Amino acid sequence: MVRPGHTWNRPSSEEDDEEAEDPVDAMILRTGCMAQHRELQECMAARQDWRHCQPQVRAFGECMARQQ
């Protein structure tokens, strides 16, 4: 049992998760479509609606289609 004032710190599982590579990002990186993916993510973050990001959606989709 941990006493109050215990000062030993272990990284939380959230910190471990942040440092681990995301398998989806790793897959996209291998396709060569990371730039299009980032542009789409940035648009989605800014606009909060994928319908406003159709050029980025199309560019990412076309890049991924070329890789398959």
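1. Buried means under 20% relative accessible area, exposed over 50%, and partly exposed in between, with a 1.4 Å probe and protein chains only. By that cut-off cysteine 43 is buried, because its relative accessible area is 11%. Cysteine 53 counts as buried too, at 0% relative accessibility.

2. The basis of the numbers is as follows. The model is predicted, so local features need pLDDT of at least 70 and side-chain atom pairs count only at pLDDT 80 or more, while totals for chains, interfaces and linings use all residues. Residues are numbered from 1 along each chain as its sequence is written, and side-chain values use heavy atoms, with hydrogens and water left out.

3. Overall make-up. The chain has 4 helices and 0 strands, and reads α-α-α-α along the sequence. Helices (H or I, at least four residues) and strands (E, at least two) are DSSP runs, numbered from the N terminus. Of the 68 residues of the chain, 19% count as buried. The accessible surface of the chain is about 5,900 Å², and 51% of that surface belongs to carbon and sulfur atoms. Accessible areas come from the Shrake-Rupley method with a 1.4 Å probe; for residues, only the protein chains shown count as cover.

4. Disulfides. A disulfide is a covalent bond between the sulfur atoms of two cysteines. The working criterion is a pair of cysteine sulfur atoms within 2.5 Å, and a search of the whole structure finds 2 disulfides. With the bonded cysteines of the chain numbered in sequence order, the pairing is 1-4, 2-3.

5. Cysteine 33 and cysteine 63. These two are joined by a disulfide with an S to S distance of 2.0 Å. The pair links distant parts of the chain, 30 residues apart: cysteine 33 sits in the loop between H2 and H3, and cysteine 63 in helix H4. The torsion about their S-S bond is about -90°, so this disulfide is left-handed. Both cysteine 33 and cysteine 63 are buried.

6. Cysteine 43 and cysteine 53. A disulfide joins them, again with S to S 2.0 Å. Cysteine 43 lies in helix H3 and cysteine 53 in the loop between H3 and H4, so the bond ties together parts that are 10 residues apart in sequence. Here the S-S torsion is about -90°, so the disulfide is left-handed.

7. Helix H2. This helix covers residues 23-31, and Ala26, Ile28 and Thr31 in it are buried. The buried residues of H2 pack against helix H3 (34-47) and helix H4 (54-67), where contact means heavy atoms within 4.5 Å. Aspartate 22 caps the N-terminal end of H2, with a side-chain oxygen 3.2 Å from the backbone nitrogen of valine 24. Just after H2, glycine 32 takes a positive phi of about 90°.

8. Threonine 31. This residue belongs to helix H2 and is buried, at a relative accessible area of 15%. A polar atom of its side chain lies 3.2 Å from the backbone nitrogen of cysteine 33. A polar contact is a pair of N or O atoms within 3.5 Å; within protein, one must be able to donate a hydrogen and the other to accept it, and residues adjacent in sequence count only if both atoms are side-chain atoms. Leaving out residues up to four places away in sequence, threonine 31 touches Met64 and Gln67.

9. Helix H4. Phe60, Cys63 and Met64 are buried in H4. Seen down the axis of H4, its buried residues fall within an arc of 95°, so they line one face of the helix; the arc is that of the directions from the helix axis to the C-beta atoms. The buried residues of H4 pack against H2 and H3. On the face of H4 turned away from its buried side are the exposed residues Pro55, Ala65 and Arg66. The 14 residues of H4 should span 20 Å at 1.5 Å a residue, and the end C-alpha atoms are 20 Å apart, which agrees. The expected span is 1.5 Å times one less than the number of residues in the helix.

10. Methionine 44. Its place is in helix H3, and at 33% relative accessibility it counts as partly exposed. Methionine 44 touches Asp49, Trp50 and Cys53, not counting residues up to four places away in sequence. Methionine 44 and glutamine 56 are 12 residues apart in sequence and 9.4 Å apart in space, C-alpha to C-alpha.
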